[in-house]
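Please look at the sequence and the structure first, and then turn to the points below.

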Amino acid sequence: MNLHEYQGKQILESFGVSIQRGYVANTPDEALECSRKLFNETGTKIYVIKAQIHAGGRGKGGGVKIAKSFDEVKEISSEIIGMNLITPQTSKEGKLVRKVLVAEDVYYDGDSDKKEFYISVLLNRSTSKNMIVYSTEGGVDIEAVAEKTPELIFNEEIDPAQGILPFQSRKIAFNLGLKGSAFKNMSKFVTNLYMAFEKSDASLFEINPVLKSSDDKIIAVDSKVTIDENALYRHKDYESMRDLNEENPVEVQARDSGLNYVDLDGNVGCMVNGAGLAMATMDLIKLAGGEPANFLDVGGTADSERVEKAFRLILQDPKVKAILVNIFGGIVRCDRVAEGIVSAYKNLNNINIPIIVRLQGTNADKAKEIIDNSGLNFLSASGFDEAAKKVQSAISWQKGILFLFLAPFWHFF
Ligand code: GDP
Ligand code: MN
């Protein structure tokens, strides 16, 4: 589950990490209220208005702006709320901004230079350890730093059984070139950041930039946080942080129907029971020259209601050119599943792509009969190989049609 910047900062604060203070607003009037509150609390006269969407690079896209008066707060937030924000991390269409974070300005001038760093905590699956990735070159272009000057990006592995040790947080502060109170503050910042990552069951905490202010404070200016969904049951207070507006609507619908569905980019939809068989089916599709359009595990009880819901989900994707149903009847009987598939097909009555059905297990023969005698646009298969071949011919047949259609115009291309 991804969080908004302001939600990530709430979690950081609860673990004692110092953050750029701010309040979230849904309307320009609320934004004005937020800035008045900030003025009363901190005395700040400059405010940063930041679009809250689940994507980074907002500064580049015009989603982060400075306001130097209450009037400007209202003006800028009315521009940003409701705008369609396009950043290097959104799709071409961009994302609708529904909320802004009104934050205090922390880039004020003072006794020492300001400096922006990059710090993130994540899991390194290949070493089974957590990892703190950090760089002196924080700000907006960390991807370019990683590509052009990878030597400026450091990492520190943390043994999850031991947690972060004092020498590690000091080493990070040292490598970031800090001294005196900035050094101490950074060391504390890193320790608390690691605690936040661990205790919230996150898979990512990325803070870019971490600011060393001109009075040597170390402050989280931005936050990108992902919480492991499987651990959400331990964090009831984070559940309300889910923003369905930011999530893939088909995946939200699938979750509501109790189906495990992940949207992918390919052209062959798959409906499978069991995660292992679903993974194998995706491999099968690739071997047949297709690309899976989704991962979908309909679960153990593949009854007609669930099958119909699953078809509806898959058919919402216009890229799908064929569907492969691959179900093993262990607990469920294949003939029941076949009846479910036939009745779902009839209920949907707008399916105009081939469906390859492979049902194996209890009553598989009866199931094949039901599919073959349905008079509908099904291609039944018994083996994995046969299923793969039928997927292949279904998609190449369509490519063939496209070719026949385009061939007379070839000299225009
Ligand atoms: P992102 O573009 O989505 O990563 O959004 P950030 O929260 O990182 O903000 C983008 C940039 O805005 C930062 O790198 C800062 O340079 C700038 N910024 C953020 N807060 C302040 C602030 O309080 N004052 C000033 N002057 N600039 C800020
Ligand atoms: Mn950022």
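A residue is called buried when its relative accessible area is under 20%. The model is predicted, and Asn-208, with a relative accessible area of 12%, is buried by that criterion.

**Manganese site**

- The manganese ion, which is ligand 2, is coordinated at 2.2 Å by an O atom of Asn-208 and an OD atom of Asp-222.
- Asn-208 belongs to strand β10 (residues 202-212), whereas Asp-222 sits in the loop between β11 (218-220) and β12 (224-227), so the pair ties together parts that are 14 residues apart in sequence.

**Polar contacts of ligand 1**

- The side chain of Lys-50 places an N or O atom 2.6 Å from an oxygen atom of ligand 1, and the side chain of Arg-58 likewise has an N or O atom 2.7 Å from an oxygen atom of this ligand.
- Gly-59 takes part through its backbone, where a polar atom is 2.8 Å from an oxygen atom of ligand 1.
- Taken on its own, ligand 1 has 560 Å² of accessible area, and the protein covers 84% of that.

**Shell around ligand 1**

- There are 19 residues around ligand 1, and those that come nearest are Lys-50, Arg-58, Gly-59, Asp-105 and Glu-116.
- Sorted by class, the shell comprises eight nonpolar, five polar and six charged residues.

How values were computed:
Residues are numbered from 1 along each chain as its sequence is written. Chains are lettered from A and ligands numbered from 1 in the order in which they are written. This is a predicted model: local features need pLDDT of at least 70, side-chain atom pairs count only at pLDDT 80 or more; totals for chains, interfaces and linings use all residues. Side-chain values use heavy atoms; hydrogens and water are left out. Donors are N, O and S atoms within 2.8 Å of the metal (3.2 Å for Na, K and Ca); water is not among the atoms, so sites may look incomplete. Helices (H or I, at least four residues) and strands (E, at least two) are DSSP runs, numbered from the N terminus. Buried means under 20% relative accessible area, exposed over 50%, partly exposed in between (1.4 Å probe, protein chains only). A residue is near a molecule or strand if one of its heavy atoms lies within 4 Å of it. A polar contact is a pair of N or O atoms within 3.5 Å; within protein, one must be able to donate a hydrogen and the other to accept it, and residues adjacent in sequence count only if both atoms are side-chain atoms. Accessible areas come from the Shrake-Rupley method with a 1.4 Å probe; for residues, only the protein chains shown count as cover. Ala, Val, Leu, Ile, Met, Phe, Trp, Tyr, Cys and Pro count as nonpolar, Asp, Glu, Lys and Arg as charged, and the others, Gly among them, as polar.
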